[in-house]
Amino acid sequence: MNTRLSRYAAMAAACTVMMSAFCSCGDGTANSFDGGTYKKDEHANNNSIVDYAESPAYDDSACYGIDSYSYESPTRTSRNESYKEYTEAGFKDPKYEPLSTFSVDVDTASYSNVRRLIEDGNYVPEDAVRAEEFINYFDYNYPDPEEGRTFGDYVELADCPWNPENKLMMIGIQGKRLPKAETPPSNIVFLIDSSGSMDSYDKLPLVQTAFSMLAEQLTENDRISIVTYAGSADTRIEGASGRDKDDILEALYSITASGGTNGEGGINKAYKLAEKYFIEGGNNRVILATDGDLNIGASSEDELVKLIKSKRDKGIYLSVLGFGTGNYKDDRLEAVADNGNGNYSYIDSVDEAHRVLVQEMEGTLYTIAKDVKIQVEFNPSQIKSYRLIGYDNRLMNAEDFYDTTKDAGEVGAGHSVTALYEVELTQTGDTYRGVQLEFGSEHTTEPADDNGRSELCKLSVTYKPAGDDNDIYESQLFGMEKYNAEPSESIRIASAAAEFAMLLRNSEYMGDSSYEYVARTAASLSYGEKTDKLASLAKQAERLYN
């Protein structure tokens, strides 16, 4: 490595050391909370909130097989952070609503942001929790699609851990992987918020470290531009070859934080550069790195959605990377990503930056399908009711599945999409969801007539291949042959992630869920660091909410 490159690598390492030092020693100051963007002034989790500073010593590490932690009194998240409110959809009767339709979501920002909140000793705002992003954070090792197909599918049915009278249906689609030799050249614009709000160890320095990691992966066939925005938007470098790493890193580490936040100006300039260096058949993408705290130009969620919608049909994709604490605007960043042919991640550490931009770079950068929608038709003679867990802000009307004008999610190379349904099978007898009824004979509602079909559901997927506006439709039938009395590790970790999300949201559907079950399940699985971290987070959350 030459001298200049070594210097910039050393700067990145120094930022890492500095961030580690800051992360290991909080100032112990509790954030004030007196209203704001959350649904209620107090966390509505029905578990009691305990002040551990006055509680007796408690050590249950042996129960979970993970390390013990020491805790200060929990704090409330700053009211300057904002999250979009949504309502869980609940159970549906397939006799009247046989079709469940939604746009796919490969975002993971909610999980890593909640991880940050818990590790900082903060109560989690309920609207910060999006169950589908918890589920999709984990890897399920689905089989690759057959030759010639863009997606493979996976279905499994098992007993529902939090409601043993019901079943849990896991639906997964696996995107095809791209061999390295087949990855297209990239035209990427780093769009960096350099306003005064980014002037903290977990914001701009972490952005610079993250982008330097990505820069190391680039080749001479790739083109890089860097745009910053504060009071105004500036171009730091444009159309540089990926081999010019010294120039890219020099431009990257010359950025300092100050001034206002003109995100609109930055977005416009970034897309102009992406158009200028557009590569036909290539990966043309803007990567936005910000805390979302905009205060000049388009700054509200509605204004940003309108702006980004005007850009999304140019063949340029979008990745949104969220950073920081205290004034984080999750609602704005999620809206920008969802409406701009994009994906959304929250970067809370160097490790997470490495996961998103190095380990999973192909899925983050190389889109293989756009406007991906899933529709599940349930057989009412076999399924009495069903509930999609999460995706509440991704639900679509049944007819939208065939409407080619309806925008939906994008899937990158090697990415998978997972959805869980809690389903109630049809049954006879005087019971309701497993509860014996005294007056069961008085109920006149009859189950659906046996239609002679034993299948549980029909799974359909539609999408447009990247670079093509022609929709492809695929469907397949599944039945009780997918039931496993001994559930696979995949559905166990997906159910643990979903259960963790339901607990943090204080979901009315969480049944017998417990943080202890989540921790025990995650600790028992051989999925490595991700499940180990889920186990420790569940333990920490149990200490926050007794």
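Predicted model: local features only at pLDDT ≥ 70, side-chain atom pairs only at ≥ 80, totals over all residues.
Two strands count as paired here if DSSP finds at least two bridges between them.

With six bridges, β7 (residues 283–290) and β8 (residues 317–322) are joined, and they run parallel. One of the links is between Arg285 and Tyr317, its bridge partner in β8. Both strands belong to an open sheet of six, laid out in the order β6-β5-β4-β7-β8-β9, and the pairing in this sheet is mixed. At the edges sit β6 (233–241) and β9 (342–346), each of which pairs on one side only. From one strand to the next, the twist averages 15°. Helix α7 (residues 263–276) lies across β4 (186–193), β5 (223–229), β6, β7 and β8, and runs at about 20° to β6.

Then there is an open sheet of four strands, ordered β2-β3-β13-β11, and here the pairing is antiparallel. Its edges are taken by β2 (151–159) and β11 (383–388); each has a single partner strand, so one side of each is left without a neighbour in the sheet. The twist in this sheet averages 25° from one strand to the next. For β11 that partner is β13 (residues 416–425), joined to β11 by five bridges and running antiparallel to it. Among the residues involved, Ser385 has Glu424 of β13 as its bridge partner. Helix α12 (residues 489–505) packs on this sheet and touches β2, β3 (167–175), β11 and β13, with its direction making about 110° with that of β3.

How values were computed
Residues numbered from 1 in each chain as written. Heavy atoms only, no water. Helix = DSSP H or I, 4+ residues; strand = E, 2+ residues; numbered from the N terminus. Axes fitted to C-alpha atoms, helices over the stretch in contact; angles between N-to-C directions. Contact = heavy atoms within 4.5 Å.
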